[in-house]
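Please have a look at the sequence and the model first, and then I will take a few places in turn.

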Amino acid sequence: MGAGAGTSTGGGTSTGASTGTGGGAGTSTGTSAGTDTGATPGAGTASGAGTGTGAGGPAGLRDFYENPAVPVASGDARSRRQARLLAAALDRPGALVLDVGCGDGTAAAVAGPILAGHRIVGVDWSHDALRRARPRMSHVVRGEVDGGGLPFADGCADAVLFSEVIEHLVDPDRAMDELRRVLRPGGHLMLSTPNLAAWYNRALLLAGRQPVFSEVSLRGIHGRPGTEVVGHLRLFTARALRSFLRSAGFEDVRVSAAPFHGVPRGLRLIDRAACAVPSAASILLAHARRG
């Protein structure tokens, strides 16, 4: 992966993107973000996402997301599909791509070869996630999508990857405002999130069961299949996701799909086939542009 946003020292070590009010990714007018201390603390996220629920978020959530046992990676199939969509959309080499909610960096490691020639900077709130991401990513930055905001100048980014983050946020509206701020006009937002209306969730609801991906407690799973708590607070259908992104000021919203790595082996063919109908698929992949 290429150099990160911001200035670099002689050996190519990025000093990171910095808080600013304008200019490109190389303009440093404020707080350095080349290390994991460059952004205001907030509550993190999990499952490939570690960007805050906000400095004012519940302390219990902050503690939950800093727990090393909470998963911070999602499936490779989603990462590859999302990276291919972005690679096809970027119209020039050397684009600055912010992986907001980079988690442990495994998704960026999968996407890196597909996005070769572009600069990828990982952003996460969780100290533990950033520690694990550093061996996999050239540049990581501590930041959050609400509270103190991301440590990048307005309009500096060509694209933002926001993979399985939004379902963890207390205030997704504020997060969208922050992503719009750092994107240049016409910049690309690649967002993924679990589908509340996935094919198996429809059957579970008919049977009176809690849908997969939904959680009623941070201490355990109740009323649905699975055993892993990851801190989901918001769930979207394809229709709701399109409407939400348009209301947040994004244009050309398109939704495709990816399979879910947690589906039992015997059902994975069905899950892959369901991707042909995004409204029934496991994972929603949204591609939108900043208006």
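**Aromatic rings, a cavity and a histidine**

Let me begin with two phenylalanines, Phe236 and Phe244, both of which are buried, and let me say at once that what we are looking at is a predicted model. These two residues, Phe236 and Phe244, also form an aromatic pair, with 5.5 Å from centre to centre and 55° between the planes, and the pair is described as tilted.

In general, a pair of aromatic rings is described by the distance of the centres and the angle of the planes. How many aromatic pairs does a search of the whole structure find? The search finds 4 of them, and another one to look at is that of Trp199 and Tyr200, whose ring centres are 5.0 Å apart and whose planes stand at 75°, so that this pair is edge-to-face.

The structure holds 3 cavities of 30 Å³ or more, and the largest cavity has about 60 Å³ of space in it. Which elements give two or more residues to the lining of that largest cavity? They are helix 2, which spans 76–89, helix 3, and strand 6, which spans 157–163, and of these it is helix 2 that gives the most, with 4 residues. Among the residues that line the largest cavity are Arg78, Gln82, Asp99, Ala108 and Leu161, and when the whole lining is sorted by class, there are 5 nonpolar, 3 polar and 2 charged residues.

My last stop is His118, which is found in the loop between helix 3, at 106–111, and strand 4, at 119–124. Is His118 buried or exposed? Its relative accessibility is 10%, and since the cut-off for buried is under 20%, His118 counts as buried. The side chain of His118 has a polar atom that lies 3.1 Å from the backbone nitrogen of Ala95.

Technical notes: Residues numbered from 1 in each chain as written. Predicted model: local features only at pLDDT ≥ 70, side-chain atom pairs only at ≥ 80, totals over all residues. Heavy atoms only, no water. Buried < 20%, exposed > 50% of the residue type's maximum accessible area, 1.4 Å probe, protein only. Polar contact = N/O pair within 3.5 Å; in protein donor to acceptor, adjacent residues only side chain to side chain. 1 Å grid on protein atoms, 1.4 Å probe; cavity = no way out; pocket = protein on both sides within 12 Å on 5 of 7 lines; lining within 4 Å. Points joined across faces, edges and corners; volume = space filled by probe spheres on them. Nonpolar A, V, L, I, M, F, W, Y, C, P; charged D, E, K, R; others polar. Phe/Tyr/Trp six-rings, centres within 6.5 Å; stacked < 30°, edge-to-face > 60°.
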